[in-house]
Amino acid sequence: MSDTWLIIGLGNPGARYAGTRHNIGQLVIDELLERTGSRLGSTKARAQAATTRLPRSAGGPGPRSILVKSSTYMNDSGIPVGQLARFNSVPADHVVAIHDDVDLPYESIRLKLGGGEGGHNGLRSISSHLGTKDYLRVRAGVGRPPGRMDTADYVLQRFSAAERTTLPIFVGELADAVEALVSEGLQAAQQRFHSR
């Protein structure tokens, strides 16, 4: 079994989408890069990536982890994930997708292996290119759109002023959840973060 993890923060490239709800996964990658002192570099897989070791909850370096930001738009997230997973011999159950979830209240964190995509085009693309839905997801709650606002419009908006006051803490907790998932396993990480 591979001890390498492939961790992708889902989002869209470019300044226009930076800081939007749909890009919260990329904010988590930024946090993990800062924690590990790593920097993204270009790849041939239409993505930027950094190979590092996330810290273990008990201390010390954890397993080899490849932190990824796709250079594709959300709907094509699976292209670099599939290529990088194959090139680095990473099995699907060591792929972690960090993504926004409108079905969870803002600041909620849920972790799971497999399951449906909930209408999320980034997850749908990853499932298609990996050939399975059995990869790990870190679901970042961004709340439901207000009134009759279209979901697509809502997730492409930046966080509200009120949300931005707690966003750094939320992103930090999501990064903690990724570290726990890699070093402690799914069940232990679920017990820790689902009850917070």
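Analyst: A residue counts as buried under 20% relative accessible area, as exposed over 50%, and as partly exposed in between. By that rule Arg-35, at 33% relative accessibility, is partly exposed, and Glu-31 is partly exposed too, because its value of 23% falls in the range between those limits. The model examined here is a predicted one.

The side chains of these two residues form a salt bridge, with 2.8 Å from N to O, and both belong to helix 1, residues 24-36, where they stand four residues apart, about one turn of the helix. Arg-35 also takes part in a salt bridge with Glu-179, at 3.2 Å from N to O. Since Arg-35 sits in helix 1 and Glu-179 in helix 5 (residues 161-184), this contact ties together parts that are 144 residues apart in sequence. Glu-179 is buried, because its relative accessible area of 11% is under 20%.

A further salt bridge joins Asp-101 to Arg-139, with 2.7 Å from N to O. Asp-101 is part of strand 5 (residues 95-101) and Arg-139 of strand 7 (residues 136-141), so here the parts tied together are 38 residues apart in sequence. Both Asp-101 and Arg-139 are buried. Elsewhere, salt bridges with shared partners link Glu-31, Arg-35, Asp-176 and Glu-179 into one network. In total, nine salt bridges are counted in the model.

By class, the lining of the largest pocket comprises eight nonpolar, 10 polar and seven charged residues.

The second largest pocket holds about 170 Å³, and among its 13 lining residues Asn-12, Gly-14, Asn-23, Gln-26 and Lys-69 are the closest to the centre. Helix 1 and strand 4 (61-70) are the elements that give two or more residues to this lining. Helix 1, which holds both Glu-31 and Arg-35, gives the most to the lining of the second largest pocket, with three residues. By class, that lining has three nonpolar, eight polar and two charged residues.

Conventions: Residues numbered from 1 in each chain as written. Predicted model: local features only at pLDDT ≥ 70, side-chain atom pairs only at ≥ 80, totals over all residues. Heavy atoms only, no water. Salt bridge = Lys/Arg side-chain N within 4 Å of Asp/Glu carboxyl O. Buried < 20%, exposed > 50% of the residue type's maximum accessible area, 1.4 Å probe, protein only. Nonpolar A, V, L, I, M, F, W, Y, C, P; charged D, E, K, R; others polar. 1 Å grid on protein atoms, 1.4 Å probe; cavity = no way out; pocket = protein on both sides within 12 Å on 5 of 7 lines; lining within 4 Å. Points joined across faces, edges and corners; volume = space filled by probe spheres on them.
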